[in-house]
Amino acid sequence: MQISATRTLDSGITERRFTVPGANGDVPGVLWTPQGTAARLPLVLLGHGGGGSKDAAGDRDRDWFAARGIATVAIDGPVHGDRGGITTTEDPRYSEMWQRPTVIDDMNTDWRSTLDAVLALGEFNADAVGYHGMSMGTMFGLPYVASEPRIKAAVLGLCALRGTSIERSRIEGRLATDARNVTCPLIFHIQWDDERFDRHSALELYALLGATDKRLQSTPGLHGGMSDEARDTVRRFLAGRLLGAPLP
């Protein structure tokens with residue numbers, strides 16, 4: 001891990017910007033650590049959505065987990081953030097990204113290299129690592145969680161086997177195959193009126209997940225309409241699993 005910058009945020013969280021060697025060059029990432037902690041911390045990997053970035057993932061979830069003594073880390077997906085800078089899934093480069101035959105396996109490698117490097121710092125509990133990523137964060141994250149035994153619990157969702165986003169990416173076969181190998185405790189969220197992912201095939205994808213300890217959550221609304229209450233529920237599930245006790 002090559003750390004390029006360190007600073008303390010107004011909230012007291014320590015932010016370290018870094019790069020790690022990835023499948024196609026250096027992968028840029030950010031690690032956020034809560035203040036005033038001595039023991040090895042639980043760690044959550046944050047996967048961002050299409051058109052987002054590592055910083056967008058942190059802005060949404062970093063502070064919530066830090067307040068409960070959990071560190072977070074995020075990396076840019078291909079052509080996102082410092083790896084290309086797209087800000088919308090309508091950018092032609094987003095569709096082109098999915099045409100790369102190895103794009104999912106490459107992202108698996110990028111996450112694996114990131115987790116290796118972060119755990120090598122000796123600050124985090126290797127037995128309390130979780131993954132949180134929905135939409136594109138699940139399109140990449142589900143295959144990664146399926147292949148990574150160090151992930152102890154996960155938040156997935158806003159994804160399915162059919163819909164406009166799947167027609168563009170053509171990864172339905174990969175998702176269906178890898179879902180059977182997702183065996184860690186997880187919670188899966190569906191927006192009931194999602195315009196990008198077909199509801200019925202979202203339920204099919206959930207049914208394929210191999211975990212015996214899994215939860216399904218759904219709320220009304222379009223793809224981007226997940227409520228703060230619903231977000232709080234999935235975070236609490238993940239934090240409780242990593243901390244070893246349900247949160248009140």
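Student: Where does Ser 135 lie?

Tutor: This is a predicted model, and in it Ser 135 sits in the loop between β6 (124–133) and α4 (136–147).

Student: What is the phi of Ser 135?

Tutor: Ser 135 has a positive phi of about 60 degrees, although it is not a glycine. In general, most residues other than glycine have a negative phi.

Student: Is Ser 135 buried or exposed?

Tutor: Ser 135 counts as buried, because its relative accessibility is 11% and the cut-off for buried is under 20%.

Student: Which other residue has a positive phi although it is not a glycine?

Tutor: Leu 158 has one, of about 50 degrees. Leu 158 is in the loop between β7 (151–157) and α5 (164–169). Leu 158 is buried too, with a relative accessible area of 7%.

Student: Changing topic: how much space lies in the largest pocket?

Tutor: The largest pocket holds about 500 Å³ of space. It is lined by 26 residues, and those closest to its centre are His 48, Gly 49, Arg 60, Met 134 and Ser 135.

Student: How many of the lining residues are nonpolar, polar and charged?

Tutor: The lining of the largest pocket has 9 nonpolar, 12 polar and 5 charged residues.

Student: Now the sheet. What is the order of its strands?

Tutor: The sheet is open and has 9 strands, in the order β1-β2-β3-β5-β4-β6-β7-β8-β9, with mixed pairing. β1 (2–8) and β9 (214–219) stand at the edges with a single partner strand each, so one side of each has no neighbour in the sheet. On average, neighbouring strands are turned by 20 degrees against each other, direction ignored.

Student: How many bridges join β1 to β2?

Tutor: There are 6 bridges between β1 and β2 (residues 14–22), and the two strands run antiparallel. Arg 7, for instance, has Glu 15 in β2 as its bridge partner.

Student: And which strands does α1 lie across?

Tutor: α1 lies across β2, β3 (25–33), β4, β5 (71–75) and β6, and runs at about 25 degrees to β3. Helix α3 (residues 103–119) lies across β2, β3, β4, β5 and β6, and runs at about 145 degrees to β5.

Terms used: Residues numbered from 1 in each chain as written. Predicted model: local features only at pLDDT ≥ 70, side-chain atom pairs only at ≥ 80, totals over all residues. Heavy atoms only, no water. Helix = DSSP H or I, 4+ residues; strand = E, 2+ residues; numbered from the N terminus. Buried < 20%, exposed > 50% of the residue type's maximum accessible area, 1.4 Å probe, protein only. 1 Å grid on protein atoms, 1.4 Å probe; cavity = no way out; pocket = protein on both sides within 12 Å on 5 of 7 lines; lining within 4 Å. Points joined across faces, edges and corners; volume = space filled by probe spheres on them. Nonpolar A, V, L, I, M, F, W, Y, C, P; charged D, E, K, R; others polar. Pairing = 2+ DSSP bridges. Axes fitted to C-alpha atoms, helices over the stretch in contact; angles between N-to-C directions. Contact = heavy atoms within 4.5 Å.
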